Amino acid sequence: MSQHHPSDDIMMEYAAGCASTHLALCVAVHLQYCPRCRANIQRLSALGGEMLQQLPQEDLSEALFERIMLRIDLEESAPAAPQKPVEDLLQRWLPDGLNAVSWRKQWFKVYEYVLEVSRKGRQRLSLQKISAGGRAPLHAHYGQEVTVVLQGGFSDELGVYEEGDFVIRSGDQRHRPRALENEDCICLAYLDAPVCLAGPIGRWIERFRRLFMPDLNAPAS
């Protein structure tokens with residue numbers, strides 16, 4: 001069972017349909033692994049339903065309607081049997097499943113498969129893979145990084161994370177994830193701003209990146 005879960009605030013946002021599209025996807029994937037959080041969502045949804053009944057009726061905005069429809073799609077795409085729940089949630093980007101992904105090498109044992117990138121390149125939804133025993137470069141964050149472990153596991157300076165765990169890193173939380181020794185680690189990751197590389201080589205790369213992205217320190221919109 002998962003040991004790391006979304007915060008209460010995130011769970012309430014998700015239950016209310018107020019979470020951003022990509023954050024809602026990460027929570028939905030975590031729910032496939034975590035019966036405890038599924039039960040919490042059911043309780044929050046029931047509570048929200050009771051509260052809604054006490055409110056005066058108003059027309060739904062177009063944006064709220066779209067978020068509700070996305071939530072319905074995510075719920076309906078979760079199969080009753082647990083064989084391929086994650087593949088179903090990611091089918092929009094991975095019609096042929098995880099095994100058909102063409103990984104792009106980023107670092108020595110670190111690979112990425114991009115699912116979506118925002119127009120300005122700040123937000124990024126992707127799959128990240130670290131080969132068994134491999135290490136990602138040391139980095140901090142210009143924004144928030146949400147990670148859900150899909151396969152295997154990894155450790156960093158703050159803990160050990162296994163299949164289904166939901167992890168958030170932000171700001172100056174520098175870490176260097178390392179895949180566990182016995183299996184490749186594959187994660188769903190959402191960044192609302194690029195990571196900030198650290199260490200001697202990372203600082204050198206950052207100097208050049210700032211030349212092309214001078215607004216890196218600006219808050220994520």
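Colleague: Is Glu181 buried or exposed?

Modeller: Exposed, because its relative accessibility is 57%. Bear in mind that this is a predicted model.

Colleague: Which side chain does Glu181 meet in a salt bridge?

Modeller: Arg178, with N to O at 3.0 Å. Arg178 is partly exposed, at a relative accessible area of 33%.

Colleague: And how many salt bridges does the structure hold?

Modeller: Five. Arg104, Glu112 and Arg124 are linked in a network of them.

Colleague: Why does Glu112 count as buried?

Modeller: Its relative accessible area is 2%, and the cut-off for buried is under 20%. Arg124 is partly exposed at 22%, and Arg104 is also partly exposed, at 46%.

Colleague: How do S2 and S3 pair?

Modeller: Antiparallel, over seven bridges, with S2 covering residues 110-117. One place to look is Tyr111, which stands opposite Lys129 in S3.

Colleague: What is the strand order in the sheet?

Modeller: S1-S2-S3-S10-S5-S8, an open sheet of six strands with antiparallel pairing. S1, residues 104-105, and S8 are at the edges; each has a single partner strand, so one side of each has no neighbour in the sheet.

Colleague: Different topic. Which residues of the largest nonpolar core touch the most other members?

Modeller: Leu90, Leu127 and Leu188, in a core of 33 residues. The elements that give two or more residues to this core include helices H1 (8-15), H2 (21-33), H3 (35-53) and H5 (85-89), and also strands S3, S5 and S10. The most come from H2, which gives eight residues.

Colleague: Which residues does Leu90 touch?

Modeller: Leaving out residues up to four places away in sequence, Leu90 touches Leu25, Leu127, Leu150 and Leu188. Another core, of 10 residues, lies apart from the largest one; among its members are Phe154, Tyr161, Cys185 and Cys187.

Colleague: I see Phe154 there. What stands opposite Phe154 in S9?

Modeller: Ala179. Two bridges join S6 to S9, residues 178-179, and the strands run antiparallel.

Colleague: And what about S6 and S7?

Modeller: A hairpin of two residues joins S6 to S7. Ser155 stands opposite Val160, and the bridge partner of Asp156 is Gly159.

Colleague: Which residues of S7 are on its covered face, and which on the uncovered one?

Modeller: Gly159 and Tyr161 are on the covered face, while Val160 and Glu162 are on the uncovered face. Tyr161 is also one of the members of that 10-residue core.

Colleague: Last item: Asp165. Where is the place of Asp165?

Modeller: In the loop between S7 and S8, with S8 running over 166-170.

Colleague: How far away is the nearest side chain of opposite charge to Asp165?

Modeller: 9.4 Å, and that side chain is Arg36. Asp165 is buried but has no salt bridge.

Colleague: Which backbone nitrogen lies 3.1 Å from a polar atom of the Asp165 side chain?

Modeller: That of His4. His4 is also on the contact list of Asp165, together with Ser2, Gln3, His30, Thr147, Val148, Val149 and Val160, leaving aside neighbours within four places in sequence.

Note on methods:
Residues numbered from 1 in each chain as written. Predicted model: local features only at pLDDT ≥ 70, side-chain atom pairs only at ≥ 80, totals over all residues. Heavy atoms only, no water. Buried < 20%, exposed > 50% of the residue type's maximum accessible area, 1.4 Å probe, protein only. Helix = DSSP H or I, 4+ residues; strand = E, 2+ residues; numbered from the N terminus. Pairing = 2+ DSSP bridges. Core = buried A, V, L, I, M, F, W, Y, C linked by side-chain atoms within 4.5 Å. Contact = heavy atoms within 4.5 Å. Lys, Arg positive; Asp, Glu negative; His and termini not counted. Salt bridge = Lys/Arg side-chain N within 4 Å of Asp/Glu carboxyl O. Polar contact = N/O pair within 3.5 Å; in protein donor to acceptor, adjacent residues only side chain to side chain.
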